[in-house]
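The sequence and structure come first.

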Amino acid sequence: MIHWGIIGYGRIAQRFEKGLSYSTNGKLYAIGTKSQYQKAMDTHPECHIYTDYDELINDKNIDAIYIALPHKYHYQWAKKALLNRKAVLVEKPSTLSVNEIIELIDISEKNNVFFMEAMKSRFIPMVSELKKLLDQGIIGYINYLENSFCYNTEYDENSYLFDVTQGGALFDVGIYNIAMILDLIKNQY
């Protein structure tokens with residue numbers, strides 16, 4: 001059984017937690033939260049609830065950590081978890097710079113520890129089938145590709161989505177567009 005710890009207990013983490021509840025080989029063991037402590041306690045009295053993320057990372061009973069903090073904190077906590085030999089699943093974008101992602105991959109490989117960005121669209125069965133058909137040449141080759149992922153959100157000066165250093169469409173939903181394009185054309189050219 002894989003014992004999971006979650007760092008950050010907002011909306012996305014709660015969706016992950018619901019998905020994890022369907023797993024037969026993983027279970028929620030701990031939650032790290034600074035602002036949702038009481039909700040985590042009330043919802044999961046069986047779990048260990050931490051307000052100190054370092055304590056969660058140092059918990060010897062945790063095998064894997066899901067990081068669902070605002071973007072600018074992903075690198076910091078993923079690095080600490082990897083250095084502590086915890087498997088890491090980090091929300092997208094896993095980092096805000098190419099140097100940070102190279103460093104995390106290097107740490108992961110040197111320590112032989114699993115590290116993955118939570119790019120859920122890569123696991124949609126229809127996407128896998130499309131990639132297979134393209135790779136086999138069954139539906140031809142890509143000459144032109146256009147995609148979109150849109151939604152409207154109201155301006156909120158307190159939201160990380162509008163923060164100059166970590167916000168914007170590219171770091172939020174634009175990542176899905178870029179990943180899809182790269183995944184589809186990777187074997188084409």
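In this predicted model, the buried residues of α7 are Gly174, Ile175, Tyr176, Asn177, Ala179, Asp183 and Leu184. They pack against α6 (125–135). Helix α7 runs over residues 174–185, 12 residues in total. At 1.5 Å a residue, α7 should span 16 Å. Its end C-alpha atoms lie 17 Å apart, which agrees.

A search of the whole structure finds 1 cavity of 30 Å³ or more. The volume of the largest cavity is about 30 Å³. Its lining is made up of Ser121, Arg122, Val127, Ala179, Met180 and Asp183. By type, these divide into 3 nonpolar, 1 polar and 2 charged residues. The largest share of the lining, 3 residues, comes from α7.

Next come the salt bridges. The structure holds 7 salt bridges. The table includes three of them.

| Pair | N to O distance |
|---|---|
| arginine 122 – aspartate 183 | 2.6 Å |
| lysine 92 – aspartate 172 | 3.4 Å |
| glutamate 129 – lysine 132 | 3.4 Å |

Arginine 122 and aspartate 183 meet through their side chains. Arginine 122 sits in the loop between β6 (115–118) and α6, and aspartate 183 in helix α7, so the pair ties together parts 61 residues apart in sequence. Arginine 122 is partly exposed, at 33% relative accessible area. Aspartate 183 counts as buried because its relative accessibility is 11%, under the 20% limit.

Lysine 92 and aspartate 172 form another salt bridge. This pair links distant parts of the chain, 80 residues apart. Lysine 92 is in the loop between β5 and α5 (98–111), and aspartate 172 is in the loop between α6 and α7. How buried is each partner? Lysine 92 is buried, with a relative accessible area of 8%. Aspartate 172 counts as buried too, at 11%.

The pair of glutamate 129 and lysine 132 is local. These residues are 3 apart in helix α6, so about one helical turn separates them. Glutamate 129 is partly exposed at 36% relative accessibility. Lysine 132 is partly exposed, with a relative accessible area of 40%.

Last, a strand residue. Leucine 89 lies in β5 (residues 87–91). Its relative accessible area is 12%, so leucine 89 is buried. What does leucine 89 contact, leaving aside its neighbours within four places in sequence? The contacts are Trp4, Phe16, Ile65, Tyr66, Ile67, Met116, Glu117 and Ala118. The C-alpha atoms of leucine 89 and tyrosine 66 are separated by 4.7 Å, though the two residues are 23 apart along the chain.

Conventions
Residues are numbered from 1 along each chain as its sequence is written. This is a predicted model: local features need pLDDT of at least 70, side-chain atom pairs count only at pLDDT 80 or more; totals for chains, interfaces and linings use all residues. Side-chain values use heavy atoms; hydrogens and water are left out. Helices (H or I, at least four residues) and strands (E, at least two) are DSSP runs, numbered from the N terminus. The expected span of a helix is 1.5 Å times one less than its number of residues. Buried means under 20% relative accessible area, exposed over 50%, partly exposed in between (1.4 Å probe, protein chains only). Contact means heavy atoms within 4.5 Å. On a 1 Å grid over the protein atoms alone, a cavity is a set of points where a 1.4 Å probe fits but cannot get out, and a pocket is an open set with protein on both sides within 12 Å along at least five of seven lines; lining residues have an atom within 4 Å of a point. Grid points are joined across faces, edges and corners, and a volume is the space filled by probe spheres set on the points. Ala, Val, Leu, Ile, Met, Phe, Trp, Tyr, Cys and Pro count as nonpolar, Asp, Glu, Lys and Arg as charged, and the others, Gly among them, as polar. A salt bridge is a side-chain nitrogen of Lys or Arg within 4 Å of a carboxyl oxygen of Asp or Glu.
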